[in-house]
Amino acid sequence: MANFNTHLNVAFMVSGTMSLTVYKAGLIDDSGFLVCVALGTIGGLLPDLDSDNSTPIKLGFNITSFIFAFGLVMHWRSDLSLLALIALWLAGYGFMRYVVFHIFTTMTVHRGVIHSVPYMAILGLGLTCLSYYGLHLPLTTSWFYGLFLFGGAMVHLSLDELYSVNLSNMKMKRSSGTAMKFYQPKDKWWYLLLYTILALLVYVAPPFEMFWSRLSDPSAWVQLKVGILPELIKSMLH
């Protein structure tokens, strides 16, 4: 499969290109452009969360542990002494970083249900719902956030499948088909749960018709067409 740097660089390039496209079309603003690039890049690392020794899972749990410990301290800052807060900080970080991390890595298997299309679809659609209903962001922005996260994950899975082909003699490696998967018989109950959650998210998701109407509006793409070439090249062509 592709390594960490390959996933990171390709996801960044793809999400950056797509974000610039929708930004120049006027579909997202400046901050939305930056968030879409970040989400696409993060999505390109998400499927490896089930790998015990992967860089994304270690980095993710380190960040989560810091945030968790910080949240505990901020919540109890007025009720506890300095020494108690320090102890709470260390205990909170240690609990997330070592106890929860150990439980997570014990329960997950690399290229298991996390490393699948429906799982990534749940994360993408879940982010769309969170952005729209929880953060009260505009509908178009919320859909773009979820789609860029999901798109980055699809870049990751596609790269893993591409790397499963031995291009020198055009043979499939043993890892072929273990990345871009929708179902595995041995995990049928997990997949039943995944598709149930996905169906519920589809049901409660923000109206996709309104987003599609905005996306297919010809005026946005006319604007993109007008600004697609630098003025210097335009003058040379004319």
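For the neighbour search, I took contact to mean heavy atoms within 4.5 Å. The model I am reading is predicted.

**Entry: Thr128**

I found Thr128 in helix α5, residues 117-134. Leaving out residues up to four places away in sequence, I listed what Thr128 touches: Ser142, Trp143, Gly146 and Pro206. Is Thr128 buried or exposed? Its relative accessibility is 1%, so I noted Thr128 as buried, the limit being under 20%.

**Entry: aromatic pairs**

I searched the whole structure and came away with eight aromatic pairs. I looked at Tyr23 and Phe33 to begin with: the ring centres are 5.5 Å apart and the planes stand at 35°, so this pair is tilted. Tyr23 belongs to helix α1 (residues 4-24) and Phe33 to helix α2 (residues 30-43), and the two are ten residues apart. Tyr23 is partly exposed at 30% relative accessibility, while Phe33 is buried at 19%.

Next I turned to Trp143 and Phe211, whose ring centres lie 6.0 Å apart with planes at 25°, so I logged the pair as stacked. This pair links distant parts of the chain, with Trp143 in helix α6 (residues 139-163) and Phe211 in helix α8 (residues 208-215), 68 residues apart. Trp143 is buried at 8% relative accessible area, and Phe211 is buried at 1%.

**Entry: cluster**

Which residues do ring pairs link into a cluster? I wrote down Trp143, Phe144, Phe148, Phe208, Phe211 and Trp212.

Note on methods. Residues are numbered from 1 along each chain as its sequence is written. This is a predicted model: local features need pLDDT of at least 70, side-chain atom pairs count only at pLDDT 80 or more; totals for chains, interfaces and linings use all residues. Side-chain values use heavy atoms; hydrogens and water are left out. Helices (H or I, at least four residues) and strands (E, at least two) are DSSP runs, numbered from the N terminus. Buried means under 20% relative accessible area, exposed over 50%, partly exposed in between (1.4 Å probe, protein chains only). Rings of Phe, Tyr and Trp (its six-membered ring) pair if their centres lie within 6.5 Å; planes under 30 degrees apart count as stacked, over 60 as edge-to-face and the rest as tilted.
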